Amino acid sequence: MYESIGPDRFELISVAQDSGGPKAVDKWFDRASPTFRCVVDPTHQISSLFGWVNVPSAAWIDEDGTIVRSNEGAYPAELTIGFGLGKVRVGDNSFARATRDWIERGPDSEHVWSSTELAERLKPVDDDTRLAEATFKLALHFEAVGDSERALKHFAAAHHLAPDNWNYLRQGWTHKGTLYASVQVLKRQSHLNKNTDKSFYDPMGLPGENHRRYTQPEWLWTPAVRGLKRLLRR
């Protein structure tokens, strides 16, 4: 999208939030060979400033530096992500279409929010949220200085205070290893799908959007299991 629109009309900045710093994300940047600007945010400062609790997230900022839209779950297209013996489908094209419309039409785009709409859509900040943020930052500090015991203690405390903040959860789980974190994300999302009416992302309210686009994982044996269930129902 960035290359088709051109840097003279659209500036794209990609921010990787990972306490591991450049060594944790450089391989992804190298494989993608991006032509837009990419930076690393080891302390999750961007989510702190924008009030995001999940990734990917995105904000539209106009020529005057005004935020005119801010969403979580902002994928450029429908994607299939593989992991070991499984895969999961995420994303759709709705945010990319809306972004193109905003770039073409500017403030006349129907997808631009007023300052009032933006304020209404921001997640509320209460005492628990503030304490969770400070606790999470302490966890990152203890991780950086090699105090794993206190880092895990503060990651757990931040999760207790802000249980719906996926950024806190993933970073805390990643402290125990990437594979462990991946398994925990899938387990938690499967639990949400089966036991609650919550979705992984809040709806964006865009035409053609499927806000439940983080689906149940599909394993290598899933098609065979589905076929067997159909036979048993007969």
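I looked up charges over rings and found Arg 188 over the face of Trp 166, 5.1 Å from the ring centre. Arg 69 lies over the face of Trp 60 in turn, at 5.7 Å from the ring centre. I counted a charge as over a ring if NZ of Lys or CZ of Arg is within 6 Å of the ring centre and within 35 degrees of the ring normal.

I note that this is a predicted model, where local features need pLDDT of at least 70, side-chain atom pairs count only at pLDDT 80 or more, and totals for chains, interfaces and linings use all residues. Residues are numbered from 1 along each chain as its sequence is written, and side-chain values use heavy atoms, without hydrogens and water.

Next I looked up aromatic pairs and found 8. Rings of Phe, Tyr and Trp (its six-membered ring) pair if their centres lie within 6.5 Å; planes under 30 degrees apart are stacked, over 60 edge-to-face, the rest tilted. Tyr 75 and Tyr 201 pair edge-to-face, with 6.0 Å between centres and 70° between planes. Tyr 75 is in the loop between strand S4 (67–72) and S5, and Tyr 201 in the loop between helix H9 (178–195) and S7, so the pair ties together parts 126 residues apart in sequence. Helices (H or I, at least four residues) and strands (E, at least two) are DSSP runs, numbered from the N terminus.
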